[in-house]
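The sequence and the model come first.

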Amino acid sequence: MAGNFWSILAGVPLTIALTFLAFAVGAIFGFPIWMMRMAKTRPVRLTATGFILAFRSIPPIVWLFLIFFGVGSGDISLSPFISAVIGMGLITAANMAEIYRGAYAGLDIGQTEAATALGIRTYHRFRDVIVPQMLRTALPSAVTFAIGLLKDTSIASLIGVQEVAFQVNALAQRTFTGFDIYVIAALIYVAISLPFAVIARWADLTLRLRVAR
Amino acid sequence: MIDTLSFWREWLPLLLEGLKVSVEVAFASIPIGIFLGLVFALGIQSKSKPLQALTVFVVELGRGTPVLILLQFAYFGLPSAGLALSSYAAAVAALAASTGAYTSEIIRAGLEAVPYGQKEAAIAIGLSRRDQLRDIILPQGLRIAVPPLLGFSILVFQGTSLGFAIALPELISRAYFVGSNTFHYMPIFVLAGLLFAAICVPATLLVSRLEKRLSRYTAS
């Protein structure tokens with residue numbers, strides 16, 4: 001049993017790497033999508049809304065299969081890991097755009113008014129006044145989303161990424177047992193997400209105080 | 001383009017059968033899950049410490065475990081403990097358990113949002129604890145919880161797609177079958193995605209409209 005346990009742990013680095021990369025892709029691409037979502041031009045705004053709705057309404061497994069089997073069987077060949085990073089990254093981007101929007105809506109309008117009154121140009125108003133405060137309000141929801149993302153990366157096992165869920169199933173098939181193996185898997189996921197949950201609580205308590213009211 | 005359309009027309013009936021299975025599994029697991037959620041929510045508020053601790057443990061484990069692992073546990077894991085479930089039963093059990101864990105928090109928040117004066121008034125007019133809950137707290141608390149519960153139900157419907165991993169003949173399993181037989185993976189998964197979107201996009205828009213309408217009546 002001890003040896004079995006180590007073979008599941010072998011999947012942990014990939015689970016964490018996939019979560020971090022997908023989150024990074026999403027946190028960065030979420031930004032332009034949020035800005036498009038707020039654009040004054042209707043077609044731009046509708047494109048962003050369509051993107052957000054599509055990636056939030058169609059389950060992750062469809063996107064992973066579409067990218068890995070659909071795109072990957074064409075001219076470009078994609079590894080399972082890269083496909084998973086792209087798929088989960090785009091889903092994260094759609095969700096992060098919504099989180100940024102919520103954070104922006106939560107800011108006091110006085111911040112924008114004061115910046116405008118001081119004659120600060122749009123670019124600097126966003127870079128120096130709005131965005132730093134926005135990120136603080138966005139952080140707790142972003143961490144909550146990241147914990148959900150960590151669990152969703154298990155779906156990547158279905159396209160062959162050898163992370164925790166993949167190792168667990170390989171082990172269950174090799175040993176013809178399952179009960180305790182899946183319980184261990186569940187505990188591993190809980191254990192990885194615990195530090196994130198602590199960070200989320202800390203962020204919620206401290207960062208919210210540093211946003212102007 | 002024409003090719004894709006005729007390909008879609010050929011396989012749409014098969015995918016629709018799969019969609020029916022997805023809808024059935026969702027409609028079975030959502031009510032069971034919400035009932036479990038109510039039980040968990042009451043368990044967490046219970047005065048008995050061991051019951052409270054047990055409920056918190058179950059809920060945290062249910063929320064911390066990926067739904068995929070829950071499904072595989074129910075289908076591949078339970079037989080080694082002497083309980084063999086069909087892929088339907090395993091899917092409903094796993095999705096209901098996950099729904100219960102998540103919705104317990106939604107329901108608890110709803111119950112806690114009922115103004116304390118309601119409870120005081122119920123005690124003052126001499127209602128028993130059971131009647132306080134049944135006639136005063138639950139009707140008001142559950143009403144508050146309706147929009148987030150509907151939002152979560154959409155996620156459960158999307159979660160049925162993971163039934164693919166336990167050979168549940170739902171939409172994705174059928175699309176994968178078509179893809180691996182015809183090697184036209186792209187168009188068939190696009191069609192599967194469109195079918196999901198056709199249900200989830202209007203549902204999402206409806207829920208957010210309902211949320212806005214209900215929030216009009218909430219004093220802030």
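The text below covers one chain, then the contact between two chains, then a pair of helices.

The model is predicted. Chain A has nine helices and zero strands, so its pattern along the sequence, α-α-α-α-α-α-α-α-α, is given by helices as DSSP runs. Taken along the principal axes, the C-alpha atoms of chain A fill a box of roughly 70 × 45 × 20 Å. Of the 213 residues in chain A, 44% are buried. Among contacts in chain A between residues at least 6 apart in sequence, those joining residues at least 24 apart make up 75%.

Chain A and chain B touch through 29 residues from chain A and 32 residues from chain B. On the side of chain B that touches chain A, two or more residues each come from α2, α3, α7 and α8 of chain B. The largest share, 11 residues, belongs to α8(B). By class, this side of chain B has 22 nonpolar residues, 10 polar and no charged.

| Element of chain B | Residues |
|---|---|
| α2(B) | 49-64 |
| α3(B) | 67-77 |
| α7(B) | 171-182 |
| α8(B) | 185-215 |

Within chain B, α3(B) also packs against α4(B), residues 87-112, at an angle of about 140° and with the axes 8 Å apart. That angle makes α3(B) oblique to α4(B). Their crossing is right-handed. From α3(B), the residues that meet α4(B) include B:Val67, B:Leu70 and B:Tyr75; on α4(B), B:Ser87, B:Ala90 and B:Ser98 are among the partners. The contact of α3(B) with α4(B) has 10 nonpolar, two polar and no charged residues.

How values were computed: Residues numbered from 1 in each chain as written. Chains lettered and ligands numbered in written order. Predicted model: local features only at pLDDT ≥ 70, side-chain atom pairs only at ≥ 80, totals over all residues. Contact = placed C-beta atoms within 7 Å. Helix = DSSP H or I, 4+ residues; strand = E, 2+ residues; numbered from the N terminus. Nonpolar A, V, L, I, M, F, W, Y, C, P; charged D, E, K, R; others polar. Buried ≥ 20, exposed ≤ 12 C-beta atoms within 10 Å, placed from the backbone. Axes fitted to C-alpha atoms, helices over the stretch in contact; angles between N-to-C directions. Parallel < 35°, antiparallel > 145°, perpendicular 65-115°, else oblique. Left-handed = near helix turned anticlockwise from the far one by under 90°.
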